[in-house]
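User: I've got this model open and want to walk through it with you. Can we start with a strand pairing and then move on to the ligand?

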Amino acid sequence: MTYDIIISGAGPAGSSAAIALSKKGFKVLLLDKEKFPRDKACGDGFGPKSLALFDDLGVYKKFEKENFEKSEYVIVSSPNGHKMRGKAPTADGLRDFGWVIPRKKADAILVDHAVDNGAELDEFRVVEPIIENGFVVGIKGRHDGNLVEKRGRMIIAADGVNSAIGRKMGMSLHLSQYREHMAIAARAYFKGAENLEGGIEIHYEKQNKSLR
Ligand SMILES: Cc1cc2nc3c(=O)[nH]c(=O)nc-3n(C[C@H](O)[C@H](O)[C@H](O)COP(=O)(O)OP(=O)(O)OC[C@H]3O[C@@H](n4cnc5c(N)ncnc54)[C@H](O)[C@@H]3O)c2cc1C
């Protein structure tokens, strides 16, 4: 079977594309190596522009009924103690708040909405694009341990920072190639945190010399 569009990666980029294209009547195959709901290290902050995109995709109400934590401010502090507090902008008709939504839930809502709008979802680890006569005509990947081919008129690589397709097409660097700019993210959820001001807080610590 040939799909109109195959999307590699069902994070927010891939599933948003799947929703928009399925709504337009295209036959969309959405692939991810993980089974949803799956987690992703992230600050979980969705700003006013993301909420406007949820409107466009017709998924805002599905998020709204979950009563996620509202964030109305962004607070940034520097290692020497300076602190900046900014209200979410009200420009361009955007809402003056965002939400903090655990990615495990947010990404699953978007994936479900893509399926509700007609996209086909498959657990599939994309390995590389199929290139014929200079054109990408599909992708190869692993499904239930077997190497499988999927054919599409268009392929969208939304498989994140370490995109398998991007690397094969020479469009992204492997992480090991820019070590100097690499950082490690550790994310945890806490109960009973105190003295929070109802927003997203970003605090830069003094650099630990032993880590340089
Ligand atoms: C520590 C940290 C905090 C952040 N905090 C925020 C924040 O608060 N707010 C914000 O807006 N952004 C934040 N970001 C950025 C945000 O996480 C990314 O911009 C966003 O996840 C990118 O979405 P995406 O859909 O492009 O990719 P991803 O979310 O990375 O999704 C890629 C998908 O592709 C799948 N995939 C990967 N390889 C393959 C393969 N070979 N085959 C099939 N599937 C594959 C993965 O399983 C994944 O589901 C943060 C990032 C980090 C690291």
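User: In β7, which residue is the bridge partner of S71?

Analyst: Keep in mind that this is a predicted model. β4 covers residues 69-71, and three bridges join β4 to β7, residues 98-100, with the two strands running antiparallel. Within β7, the bridge partner of S71 is G98.

User: Which strands are at the edges of that open sheet?

Analyst: The sheet has three strands in the order β3-β7-β4, with antiparallel pairing.

User: Now the ligand: which element gives the largest share of the shell around the ligand?

Analyst: The ligand is surrounded by 24 residues, with G9, G11, G43, G45 and G160 the closest. Elements that give two or more residues to this shell are α1 (12-23), β2 (28-32) and β9 (125-132). By type, the shell divides into ten nonpolar, seven polar and seven charged residues. The largest share, three residues, comes from α1.

User: What covers the buried residues of α1?

Analyst: α1 has twelve residues and reaches 16 Å from its first C-alpha to its last, close to the 16 Å expected. Its buried residues are G14, S15, S16, A17, A18, I19, L21 and S22. The cover over them includes β1 (2-8), β2, α2 (48-57), α4 (103-116) and β11 (146-157).

Technical notes:
Residues numbered from 1 in each chain as written. Predicted model: local features only at pLDDT ≥ 70, side-chain atom pairs only at ≥ 80, totals over all residues. Near = placed C-beta within 6 Å. Helix = DSSP H or I, 4+ residues; strand = E, 2+ residues; numbered from the N terminus. Nonpolar A, V, L, I, M, F, W, Y, C, P; charged D, E, K, R; others polar. Expected span 1.5 Å × (residues − 1). Buried ≥ 20, exposed ≤ 12 C-beta atoms within 10 Å, placed from the backbone. Contact = placed C-beta atoms within 7 Å. Pairing = 2+ DSSP bridges.
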